[in-house]
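Good morning, and thank you for the time on the agenda.

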Amino acid sequence: PFHFRRRSYPPLSTPTAAMVQFSCVSFIQPPVFTPTLQWATNGQGVAVTRQTPYQVDYYQGGSLARSIRRPIPSKPTSVDDVARLYPDGMTVRFGGGAACTIPASEIMDKQGVAPALPQIRSLTLDPQGRLWVERYTFKDEPSLVDLFDAEGRYLGTLSERGPPLGFIGTDVILFAEADADTG
């Protein structure tokens, strides 16, 4: 089992989820874009991020082996970001096929938003120890994936392609590809 040592950076402070009363439904939700803990493992180590700031800590054998950071400034959130996340509003479905749609402006007003957009969406560690960091982007933006070698050195950024879906051995990387016939 992994045992994590206490770090010197401040603890993750996540706004408490609260009951949100929308016009057609109520449920417990944190503010939109609230960062969550993301992690990945390859059986040799564990990569962990809090999504904002751009920092990924890599633990091996229960100890911090390295911390990877990129100087990418955070972006404050706005009602436009909520509208981009939910361009047609947030649809909530109930049993029996009934549904209600909550407009982005109501989500912003009643649920609220985190102060900044997350910087990291997901992490992937490959069998060779390389770290694939998918940056947070909206659906209408190209996907951005930063690649770091097993020592934490930045190798570059892939655009227009999401993170790997999996690996076959150490030589084959599996990516999703849109089907030309079905999209």
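A residue is called buried when its relative accessible area is under 20%, exposed when that value is over 50%, and partly exposed in between, using a 1.4 Å probe and protein chains only. This is a predicted model, in which local features need pLDDT of at least 70 and side-chain atom pairs count only at pLDDT 80 or more, while totals for chains, interfaces and linings use all residues. Residues are numbered from 1 along each chain as its sequence is written, and side-chain values use heavy atoms, with hydrogens and water left out.

Let me start with the whole protein. The protein has 183 residues, of which 39% are buried. Its C-alpha trace spans about 50 × 50 × 35 Å along the principal axes. The protein contains 2 helices and 14 strands; these are DSSP runs numbered from the N terminus, with helices (H or I) of at least four residues and strands (E) of at least two.

I turn now to D146. Where is D146 found? D146 is in strand 11. D146 is buried, because its relative accessible area is 0%. The side chain of D146 has a polar contact of 2.6 Å with the side chain of T157, and another polar contact, of 3.1 Å, joins the side chains of D146 and R70. A polar contact here is a pair of N or O atoms within 3.5 Å; within protein, one must be able to donate a hydrogen and the other to accept it, and residues adjacent in sequence count only if both atoms are side-chain atoms.

R70 also lies over the face of Y154, 4.1 Å from the ring centre. The criterion is that NZ of Lys or CZ of Arg is within 6 Å of the ring centre and within 35 degrees of the ring normal. R121 gives a further example: its charged end sits over the ring of Y136, at 4.4 Å from the centre.

Y136 leads us to the aromatic residues. How many aromatic pairs does a search of the whole structure find? The search finds 5. Rings of Phe, Tyr and Trp (its six-membered ring) pair if their centres lie within 6.5 Å; planes under 30 degrees apart are stacked, over 60 edge-to-face, and the rest tilted. One of the pairs is F33 with Y136: the ring centres are 6.2 Å apart and the planes are at 90°, so the pair is edge-to-face. This pair links distant parts of the chain, 103 residues apart, with F33 in the loop between strand 2 (26-29) and strand 3 (38-41) and Y136 in the loop between strand 10 (131-135) and strand 11 (144-148). F33 counts as buried because its relative accessibility is 7%, and Y136 is buried at 17%. Together with F138, these two residues form one aromatic cluster.

Finally, the backbone. Most residues other than glycine have a negative phi, and most peptide bonds are trans. F33 has a positive phi, near 70°. Q51, in the loop between strand 4 and strand 5, likewise has a positive phi, near 75°. Q51 counts as buried, since its relative accessibility is 7%. P53 is placed in the loop between strand 4 (46-49) and strand 5 (55-60), and a cis peptide bond with omega of about 0° joins T52 and P53.
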